[in-house]
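Please read it alongside the sequence and the structure shown here.

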Amino acid sequence: MSELLLSARALRKAYPSGDRRIEVLRGVDLDMADGESISIRGESGSGKSTLLHLLAGLDRPDSGHLAWEGSADTGASRRARFVGMVFQAFYLIPELDARQNVLMARRMLGPLDGAARERADQLLAKVGLAERSHHLPSQLSGGERQRVAVARALMNSPRVLLADEPTGNLDERTGDAVIELLLGLCADTRTGLILVTHNAGYAARASRRFLLHLGVLQG
Amino acid sequence: MPWYLYLALKQLFPSGRRLPFFTLICVLSVALGVGLLVVVLSVMGGFSFELHRKMMDVTGDVQVRASDFVREPAALQAVIEKVPGVLATTPFAEGYVMIDFERRPAFPTIEGIDTTRVRRVFPIDRYLIAGSFDALDDDGVILSSQLAASLGARVGSRVEVYTPLIVEKLKADEVELPTELTVAAIFEVGHQQLDSSTVVVTLRRMQQLYGLSGEVHGINVRISPDIDADQEADRINAAIGLAQRDGRLKPAPGLAAKSWKQVNRDFLWVLQLEKNMMLFILLFVVLVAAFLTMSLLLVLVLKKTREIGLLSALGASRRQVALCFCLQGVGIGVAGTASGLALGFVFGHFRNDLVRLLTSLTGSQQLMERFYQFSQLPWHADPKDLGIVVFSALALSTLAGIIPALIAARMNPVEALRHE
């Protein structure tokens, strides 16, 4: 059996709300194998994004254990190589053009070289934006921005791609195209994918599907 | 280039887009402060430089005096002139007199000079505004401009000079009549005290007026321009000490050389204090610019909250996020300081045209020349002053970036990503 790419055990997270604390996650367990795709659905406020942030190492659980490839090191420098993230609101840097936004992920690892620039161009070609690589985010449509964000997330060849409602700001047709792209690229590069979505159709396309309900993942 | 420097520069100066308003305002505010400091300090430096030059012209580079009189001026001059770096010497005697012209009295200081040697030490002709130095003989006198104006005397006028010797003789029941001298020339140095009450006569006449028999009050010394006056004064003192020990000079109480800086120490201190105060006060302009930069950077941090969350998601550490915003403060400081220096020097280049335009509009050109004795605005940019301005502007801009940088670094990435 191959080593687990990502392993979460009994993750718990609560947030203060007035005098009391609201328990969002009540012991989440999740294992992910290499190249696997997982979808997580749930109602608004069910804690999907919170779980994704914990899995990305952006936030710490109140209790529980998270490991990436068996290691508990989920710090910033490791995150740059291990995890790629795609957000509902794209989060492109407005001062940088599409190519510079993609290369920004690589800059986190050190100075750019020719190979990095070549990879950024290849990724932009793969997401169908080779001709628009020098356009600023403000000159791109919502779908195009999300495709740039996908290319950026894959720039450092991460082991896991975490997508938080990546179609939330897109129309149905563009959303379909972005999901197609995400699943296709992850399958081609054997990148693990965790997709948080409201859409049952998109969720169904993952190899394993979960529902986050009352702070627990249900298979 | 590290990503935080790259992003800081891109956010300040994005390529292919207009300069952001934020950058423009911050850079401009620092530039105005730095430009103002450069202009004020350089103009003050120019005035100060001119004053120093005039002081050296009036007192020489080094002055040798005794507690009372120098009784062997020729021997002393011979000793001083052998010191390496000394170009020329001239003796002088000084005191107070009463001058009367057409029943208008004045009480100026009087200076007796050696007309054959004085030009080697002082560029006296440079300051003459009427008459000729060559016309000065034992029956002549040179008046300072304001004194001549207050007496109503002109070149050729005959003035009466009363000395303390007349009073001394009266006490002994002797009568000595005042000396009548002809105004040979009128000078103006541009120094209020000198121009308002100074008269110059020949050394012989001065010695006669004061009853001196060959004694003088001191020796003025001109030295090579590439030598420090303080060090040369020390060398002259050493030479005088040696000459007194080996008998070439008789011991004279208090005989010592002082540089022009030591002679005018109090005045130079006031000038320096004035300049330092101006620097201190004007630095507040840069401080205000730094506060503006800080407040705009704080707004930028709030505006970029979600990007800060994104940078964390991409693998940025808190230290790197802080550096990204702190470097924007540094970038503003560098751009603002460079622009301010350019602005200041452009003003410096065209200063006389600007002053001419201003004075012609207000009709005050003659007034300015009369009060400041400068037909052109003096300018002297001291590298040390510029260094202080550059360092202060860069330091304050960097400090202005630190608080927004710390706020950005302390942001929780998850909350930043959720920021609306």
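A residue counts as buried when its relative accessible area is under 20%, and as exposed when that area is over 50%. The model discussed here is predicted. By the cut-off for burial, Cys326(B) is buried, because its relative accessible area is 14%.

**Cysteines**
- Zero disulfides are found over all chains in a search of the whole structure.
- Cys26(B) counts as buried, with a relative accessibility of 0%.
- Cys326(B) is likewise in no disulfide, and its nearest cysteine sulfur, in Cys324(B), lies 10 Å away.

**Trp3(B)**
- Trp3(B) sits in helix α1 of chain B, which covers residues 3-12.
- Trp3(B) counts as buried because its relative accessibility is 2%.
- Apart from neighbours within four places in sequence, Trp3(B) is in contact with residues of chain A, namely Met104(A), Arg107(A) and Met108(A), and with residues of chain B, among them Leu311(B), Ala316(B) and Cys324(B).
- The C-alpha atom of Trp3(B) is separated by 96 Å from that of Glu174(B), 171 residues apart along the chain.

**Nonpolar cores**
- The largest nonpolar core has 118 residues, and Leu55(A), Met104(A) and Ile194(A) touch the most other members.
- Helix α11 of chain B (residues 265-303) gives the largest share of this core, 10 residues.
- Leaving aside neighbours within four places in sequence, the contacts of Leu55(A) include Leu6(A), Leu30(A), Trp68(A), Leu162(A) and Ile194(A).
- In soluble globular proteins, nonpolar side chains tend to be buried together.

**Cavities**
- How many cavities of 30 Å³ or more does a search of the whole structure find? The search finds four.
- The largest cavity holds about 90 Å³ of space.
- Its lining has 14 residues, and those nearest the centre are Val83(A), Gly84(A), Ala105(A), Ala153(A) and Leu314(B).
- Both chains contribute: α2 (76-82), β5 (83-86) and α5 (142-154) of chain A and α12 (305-314) of chain B each supply at least two lining residues.
- By class, 10 of the lining residues are nonpolar, two are polar and two are charged.

Technical notes: Residues are numbered from 1 along each chain as its sequence is written. Chains are lettered from A and ligands numbered from 1 in the order in which they are written. This is a predicted model: local features need pLDDT of at least 70, side-chain atom pairs count only at pLDDT 80 or more; totals for chains, interfaces and linings use all residues. Side-chain values use heavy atoms; hydrogens and water are left out. On a 1 Å grid over the protein atoms alone, a cavity is a set of points where a 1.4 Å probe fits but cannot get out, and a pocket is an open set with protein on both sides within 12 Å along at least five of seven lines; lining residues have an atom within 4 Å of a point. Grid points are joined across faces, edges and corners, and a volume is the space filled by probe spheres set on the points. Helices (H or I, at least four residues) and strands (E, at least two) are DSSP runs, numbered from the N terminus. Ala, Val, Leu, Ile, Met, Phe, Trp, Tyr, Cys and Pro count as nonpolar, Asp, Glu, Lys and Arg as charged, and the others, Gly among them, as polar. A nonpolar core is a set of buried Ala, Val, Leu, Ile, Met, Phe, Trp, Tyr and Cys residues joined through side-chain atoms within 4.5 Å. Buried means under 20% relative accessible area, exposed over 50%, partly exposed in between (1.4 Å probe, protein chains only). Contact means heavy atoms within 4.5 Å. A disulfide is a pair of cysteine sulfur atoms within 2.5 Å.
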